[in-house]
Amino acid sequence: MTLNRKEQNVGAFISFWAITLLLAYISLSIVGFNSEIGLLSTIGVVFLCSICLCLLVLWKYRKENKPSMIDYLNIGTQRYILAILMVLYGIDKIFGNFFDYQLFALDSKLNEVSEFQLAWYFYGKNHWQELFTGIMEFVPGLLLLSRRTYYIAAIILLPVTTQVFLLNLFFKIGGITFPAACILLSCNVYIIYSQKEKIILFFKSLDFNIIRQPLAGKTKTVLTIFKGIGFFLVVMIVFIKVKPAIFKSSYQKTYQRLVGVYTLKDMEKNGIEYKPADNSPYYKDLYIEKQARWNILRRFDGKTEAFFL
């Protein structure tokens, strides 16, 4: 079943950006970033070529009354471009060449490190995590190339492309990566959406009745009690967690005022003034953390002691 005219226009719009993205990657790898004029000219040519191609295809097959061809080309274009870029991103992660965080950031204070540097260090610190992420991009990328497996590949890739989009959005990853993340997620969603009729039929066909006979007697009573207990526990958990956020106790208000870094001005040891030095078991600073369970006295040797506020 073909999509309607409006849905096909949305698909053509996504295909236009996907083609632009792919051509931009290819062109920039050839032209490079040395010449600003050459770079802008290349992007302009790529933009015009992509939009002309998409408009021409829409006009041609609308005129010939072949809406199924528009769907075919939209889905085909998006899945192949999504496949190419997923393989490109995935293979770098498999070989550990993607999250190349900047070494100078390791000597920076935590609050001075940018979101980008934090994200790249976190995702690149554990090679197994990077390897798994690469496999989750590379393998579905290959499966997108086959008509028999492209749909299951798109479903597998949906949480991956969503996570990439959120990473770029909240960690302010610069350059072309954020537009690329938006385009790849749009392609992924559109490919899945293209089979919306079958998805709806599939969910309607699901039968969640595990047993056919209706419950009766003591069994029904016992299960009803357990359901009530489960519902009550969920409500209580929500209430316990929400209450402190809305109705703050005097203890919470006092604690929040004290959160911060404190420097020791003076200290006594056995009744004699004591000044912490580098070899002291105490740091010169005490940290009252936002979460009470992290209130510890940190020693220079890495050992810690709990303290009461």
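Leaving aside neighbours within four places in sequence, tryptophan 120 is in contact with Phe98, Phe99, Asp100, Tyr101, Leu167 and Ile173. These contacts come from a predicted model. Trp120 also belongs to the largest nonpolar core, which has 35 residues. Together with Leu82, Tyr89 and Leu144, Trp120 touches the most other members of that core. Two or more residues of the core come from each of helix H1 (5–31), helix H3 (67–94), helix H4 (115–125), helix H6 (150–170) and helix H7 (177–193). In soluble globular proteins, nonpolar side chains tend to be buried together.

Aromatic rings are the next topic. The whole structure holds 16 aromatic pairs. One of them is stacked: phenylalanine 165 and phenylalanine 178 lie 6.0 Å centre to centre, with 25 degrees between their planes. Because phenylalanine 165 is in helix H6 and phenylalanine 178 in helix H7, the pair ties together parts that are 13 residues apart in sequence. Phenylalanine 178 counts as partly exposed, at 27% relative accessibility.

A further pair joins tyrosine 251 and tyrosine 255, whose ring centres are 5.9 Å apart; the planes meet at 40 degrees, so this pair is tilted. Both tyrosines lie in helix H10 (residues 250–258), four residues apart, about one turn of the helix. Tyrosine 251 is partly exposed, with a relative accessible area of 49%, whereas tyrosine 255 is buried, with 6%.

Ring pairs also link Trp120 into a cluster with Tyr89, Phe98, Phe99, Phe116, Phe122 and Tyr123. Over the ring of phenylalanine 98 sits the charged end of lysine 93, 3.8 Å from the ring centre. Likewise, the charged end of lysine 60 sits over the ring of tyrosine 61, 5.4 Å from its centre.

How values were computed. Residues numbered from 1 in each chain as written. Predicted model: local features only at pLDDT ≥ 70, side-chain atom pairs only at ≥ 80, totals over all residues. Heavy atoms only, no water. Core = buried A, V, L, I, M, F, W, Y, C linked by side-chain atoms within 4.5 Å. Buried < 20%, exposed > 50% of the residue type's maximum accessible area, 1.4 Å probe, protein only. Contact = heavy atoms within 4.5 Å. Phe/Tyr/Trp six-rings, centres within 6.5 Å; stacked < 30°, edge-to-face > 60°. Lys NZ or Arg CZ within 6 Å of the ring centre and 35° of its normal.
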